[in-house]
Amino acid sequence: MVRVLVAGLVGMVIAIIVGPKFIAWLRGRSIGQHIREEGPASHAVKQGTPTMGGLLILVAALVPALVVSLYTIPGVTIVAATLACALIGFGDDYLKVRRRRSLGLRGRWKMIGLVAITAGVGFATSQIGYMDTELYFPLVDVNVDLGWAFYPFLFLVIAGTSNGVNLADGNDGLAAGACAVSLITLLAIAAIDWIRSADTVAARSDEYLDIAIVTAALIGGVIGFLWFNAFPAELFMGDTGSMALGGAIATISILTETEVLLVFIGGIFLIEALSLMIQVASFKRTGRRVFLMAPIHHHFQMKAWSETKVMVRFWIVGAILCAIGFVLYYRYYLRFQL
């Protein structure tokens, strides 16, 4: 457990210490956010705020993670998937900054990259002893073997979560705080799995411990980043950060075999994605909008909620959903694993 605490604390300290110099470096090179014209009018003042803060999260998290990691397949897979998703986001951010507009990497290239990442994660799961192609559904207490369909399902998990986090990254502190809550929940799950397996299967114990180490390091990096991202934000994570964190959350969920619980653990991101899908579908079919603006956090801004109110209330909803996910894990998954 000492390794887990060290990874988290060191990640947070690195982010807080390096943050001011990193922000100054971005400002010196005019690497700022380009705000969409169709977004809330109140966001216009954010134009030019330093972006690509995801790089700060990655450096802060990966330094302690790589130092104290046990280098098991699950731990390495999380790191690799996070970096790969970050690379897609970085390409998007780079094009936005270079073209000086809010349009970056084309959607099809993002999808191709996510397919490649899914293939890598899928291969890794086939090399991990405790992994299989089955999904366990709590409440109904049913275990379903997806067979080959497990791998397309992994794509939905990784692509859906990374894009969901990306959509949530529209208000200061919203995505970072929600990601921190989700990662803390996944850390608790990995820690319990580690404690339970320590007395039975030594190899599995190391794998779960490694998952906990990398997850704690990511939490430290996100919390350190949030120091600068809280309203009014001095730094945005950009797609570099949102894609990386979404990919990390999805991969950790896959490797802890809690993909079904991601509906709750990543519930805020699912709500954001569904709100946009509903808005687009409604407008195409009827010409009418369900929300004042999508994703849904903008809807509440249009109803005169302050950014801080939206942020805190979304954190609260996210925490409640994560609590439900954790209770389901504790109530059903532990019994199933006995």
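User: Which residues lie nearest the centre of the second largest pocket, and how many line it?

Analyst: Bear in mind that this is a predicted model. The second largest pocket has 21 lining residues, and those nearest its centre are Leu156, Val157, Gly160, Thr161 and Leu270. Helix 5 (150–168), helix 9 (262–265) and helix 10 (267–286) each give two or more residues to that lining. Helix 5 has the largest share, with 9 residues. The pocket's volume is about 500 Å³.

User: How does the lining of the second largest pocket divide into nonpolar, polar and charged residues?

Analyst: That lining has 15 nonpolar residues, 5 polar and 1 charged. One detail of the labelling is that Gly counts as polar, and Gly160 is among the residues nearest the centre.

User: What makes Phe300 and Phe314 an edge-to-face pair?

Analyst: Two values decide it. The centres are 6.1 Å apart, and the cut-off for a pair is 6.5 Å. The planes make 75 degrees, and over 60 counts as edge-to-face. So the label follows from both values. Phe300 belongs to helix 11 (residues 296–302) and Phe314 to helix 12 (residues 307–337), 14 residues apart.

User: Why is Phe314 called buried?

Analyst: Its relative accessible area is 9%, and buried means under 20%, so Phe314 qualifies.

User: And why is the pair of Tyr329 and Tyr333 called tilted?

Analyst: Their centres are also 6.1 Å apart, but the planes make 35 degrees. Stacked needs under 30 and edge-to-face over 60, so this pair is tilted. The two are 4 residues apart in helix 12, which means about one helical turn. Tyr329 and Tyr333 also belong to one aromatic cluster with Tyr136, Phe326 and Tyr330.

User: How do you know that Asp239 and Lys110 form a salt bridge?

Analyst: Their closest N and O atoms are 3.7 Å apart, and the limit is 4 Å, so the pair counts. Asp239 is in helix 8 (residues 238–255) and Lys110 in helix 4, so the bridge ties together parts that are 129 residues apart in sequence. Both residues are buried.

User: Which residues do salt bridges with shared partners join into one network?

Analyst: Asp92, Lys96, Lys110 and Asp239. Lys96 meets Asp92 at 3.2 Å, and Asp92 meets Lys110 at 3.5 Å.

Note on methods
Residues numbered from 1 in each chain as written. Predicted model: local features only at pLDDT ≥ 70, side-chain atom pairs only at ≥ 80, totals over all residues. Heavy atoms only, no water. 1 Å grid on protein atoms, 1.4 Å probe; cavity = no way out; pocket = protein on both sides within 12 Å on 5 of 7 lines; lining within 4 Å. Points joined across faces, edges and corners; volume = space filled by probe spheres on them. Phe/Tyr/Trp six-rings, centres within 6.5 Å; stacked < 30°, edge-to-face > 60°. Buried < 20%, exposed > 50% of the residue type's maximum accessible area, 1.4 Å probe, protein only. Salt bridge = Lys/Arg side-chain N within 4 Å of Asp/Glu carboxyl O.
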